[in-house]
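Hello,

Here is the structure I promised to pass on to you. Please have a look at it first, and then read my notes below.

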Amino acid sequence: MAYTIHPESDWLLAEEYRQNPIGHHSPNLMRLLYVLRKINENQTRYVLVMLEPLKSWVVGKLQIGIRKPVEIDNSVIYTNREDAEWAIFCIRWESNTGIPISSPRGTPLPKDLPC
């Protein structure tokens, strides 16, 4: 049986990821990340694109298909990998749940789902 996202109960996992986007994750968070990193129903996968090795990242969008280029969003360039990872998590979360996360990485999420 495939794991699905339950925004109400998985909200705490989003906070866990905000606090530690790189490194060891709990088994429940790993399951959530697996779902978020998959291709969504629009046949799209959101990715980070490194512009300069270990210095700058942007969000990219892969459309599934042969030899389609990555669409890069240059509107925000991240110079901190943790911030870039949090940004892509928020995009993937909203893409999968329809619920936006607007808190920056330095700000804890509200205890309850904001909807």
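Of the 115 residues in the protein, 35% are buried, where buried means under 20% relative accessible area, exposed over 50% and partly exposed in between, with a 1.4 Å probe and protein chains only. Please keep in mind that this is a predicted model, in which local features need pLDDT of at least 70 and side-chain atom pairs count only at pLDDT 80 or more, while totals for chains, interfaces and linings use all residues. Residues are numbered from 1 along each chain as its sequence is written, and side-chain values use heavy atoms, leaving out hydrogens and water.

On to the fold. The protein has three helices and three strands, and from the N terminus their order is α-α-β-β-β-α. Helices here are DSSP runs of H or I with at least four residues, and strands are runs of E with at least two, numbered from the N terminus.

Now the inside. A nonpolar core is a set of buried Ala, Val, Leu, Ile, Met, Phe, Trp, Tyr and Cys residues joined through side-chain atoms within 4.5 Å. The largest one has 18 residues, and Leu32, Trp86, Phe89, Trp93 and Ile101 touch the most other members. Helices H1 (7-19), H2 (27-37) and H3 (81-97) are the elements that each give two or more residues to this core, with H2 giving the most, five residues. Apart from this core lies another, of six residues, including Trp57, Ala84, Ala87 and Ile88.

What does Phe89 contact, leaving aside its neighbours within four places in sequence? With contact meaning heavy atoms within 4.5 Å, the partners of Phe89 are Ala14, Tyr17, Leu32, Leu33, Leu36 and Ile101.

One more residue to look up is Ser103, in the segment after H3. Is Ser103 buried or exposed? Its relative accessibility is 16%, so Ser103 counts as buried. Not counting residues up to four places away in sequence, Ser103 touches Trp86, Pro108, Leu109 and Pro110.

Best wishes
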